[in-house]
Amino acid sequence: GGWLLLQNCHLGLEFLSELMDTITTTESMSEDFRTWITTEAHPEFPINLLQSSVKFTNEPPQGVKAGLKRTYSAITQDHLEVSNMPQWKPLLYAVAFLHTTVQERRKFGPLGWNIPYEFNQADFAASVQFVQNHLDDMDIKRGVNWSCVRYMLGEVQYGGRVTDDLDKALLNTYARVWFGEHMFSEKFCFYKDYVIPKGKTVEDYLQYIEQLPVIDTPEVFGLHPNADITYQTNLANETLSTIVSIQPKDSSTGGGETREAVVQRLADEMLEKLPPDYNPHEVKAQLQKMGSIQPLNIFLRQEIDRMQHVIARVRTTLTDLKLAIDGTIIMSEELQDALDNMYDARIPKLWFRISWESATLGFWFTELLERNQQFSSWLQDGRPNQFWMTGFFNPQGFLTAMRQETTRMNLAKGWALDSVVLHNEVTKMMKEDVVGPPPADIGGVYIYGLFLEGAGWDRRNSKLVESAPKV
């Protein structure tokens, strides 16, 4: 009649089959007996055990209201009165609001944090303990040491997880704007209608939290309103992608063409258009003519090597897939993934791992041809007058190679690589207007292919403008 709790079962998958047999074959079992299993998602988790279980997930709360409600539901009245300093309760609420904010920004992807950090309850507990200790040791005449509080929150408690410089700057901005003597004034608010409530009991705070909006505007977290459009779009795409991926993979589609026939026809078309392999001896000879030790030519060699890897992988996958469809070879897991994804117009995982992101398989393959065209024409016809920068595997490497070449050209003037910085100038020329490289006295390169998100470019006045009116 007791309960059995098995934790982290993804680490002992072999035992789960034995557990399933034990539970299903035991003749007498108490009606009060329950087996609880905790596990991470795992592709090899026994499907029979999963299907016969009641699934339960503990998701983080969505929104400021839910996050604060969860935080204050775990706070006791004794904890609220642990310090008699007037700053304690407002600071506790501000830390709780910061904790909710850093977690909520994660759902916006790269717009929220450049790197998705696993902020958790331990960060909040450590921050609250620090604030409590700081107030206990505080000199009443001097007051709160705000630079210390901001540093501990922005650099240590929450900042200790942050590895990106811009993310660290964002976190420190929150600490600077929200934590200071101004937070105790009547006019202070995190965002309009999001203020620090004045309460004496936990119930007072919960009542205030209950009045907050269920759905928050991204501006509460310091984001542009359009961030919500991006979030909702990504969420819808992910949901639709999941629906497509779990559809039945029957070999027949009624009276029409079978899945295998559709994919085989697509494989034939792609193989016909796929560029030929690069001959390593010809590449080496051509680069020697151009100057194989020049940084940009070294960069070209590295890009060609990576493109050759993609072309070879695509050719092998398509060839093997055709043989597997014909029954000549066994359909492996990777080939089955390629078949399913190609039928759904998505990029096979085998290709995506070594290439680039794209919306559909059609766009991806077109980009493969265009990227390869840039490399092959560069190799055969010499350095182009302009470069499609977003068509490189390693754009940062291209910029570094260009800096190296520019530095070498100006060694007589005493230039050093460490002191050379990149300078960008947006020209009014169209791509077709470029007939030669930049003037020798200016140096550098012409690039194209960059795009703006969330803004537009006024070509006449050379400045950023709103790409669309706010709605």
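Helices (H or I, at least four residues) and strands (E, at least two) are DSSP runs, numbered from the N terminus. This is a predicted model, in which local features need pLDDT of at least 70 and side-chain atom pairs count only at pLDDT 80 or more, while totals for chains, interfaces and linings use all residues. Residues are numbered from 1 along each chain as its sequence is written, and side-chain values use heavy atoms, with hydrogens and water left out.

| Domain | Residues |
|---|---|
| domain 1 | 3–52 |
| domain 2 | 64–223 |
| domain 3 | 259–466 |

Between the C-alpha centres of domain 2 and domain 3 the distance is 45 Å. At residues 1–57, an unreviewed UniProt entry places the feature "domain: Dynein heavy chain region D6 P-loop"; such annotations may be inferred rather than shown by experiment. This span is 32% helix and 14% strand, and its end C-alpha atoms lie 24 Å apart.

The next topic is the nonpolar core, a set of buried Ala, Val, Leu, Ile, Met, Phe, Trp, Tyr and Cys residues joined through side-chain atoms within 4.5 Å, where buried means under 20% relative accessible area, exposed over 50% and partly exposed in between (1.4 Å probe, protein chains only). The largest such core has 53 residues, and those with the most contacts inside it are Y72, Y93, F97, F179 and F190. Elements that give two or more residues to this core include helix 3 (64–73), helix 5 (88–104) and helix 10 (226–245), and the largest share, 10 residues, comes from helix 5. Leaving aside residues up to four places away in sequence, F97 touches V64, L68, W178, F190, Y194 and V220, a contact being heavy atoms within 4.5 Å. Another core, of 43 residues, lies apart from it, and V263, M342, I347 and M402 are among its members.

In the loop between helix 8 and helix 9 is V195, which is partly exposed because its relative accessible area is 30%. V195 touches Y93, F188, C189, F190 and Y208, again not counting residues up to four places away in sequence. V195 and P218, 23 residues apart in sequence, are 16 Å apart in space, C-alpha to C-alpha.

Notes
Domains from an automatic or database assignment.
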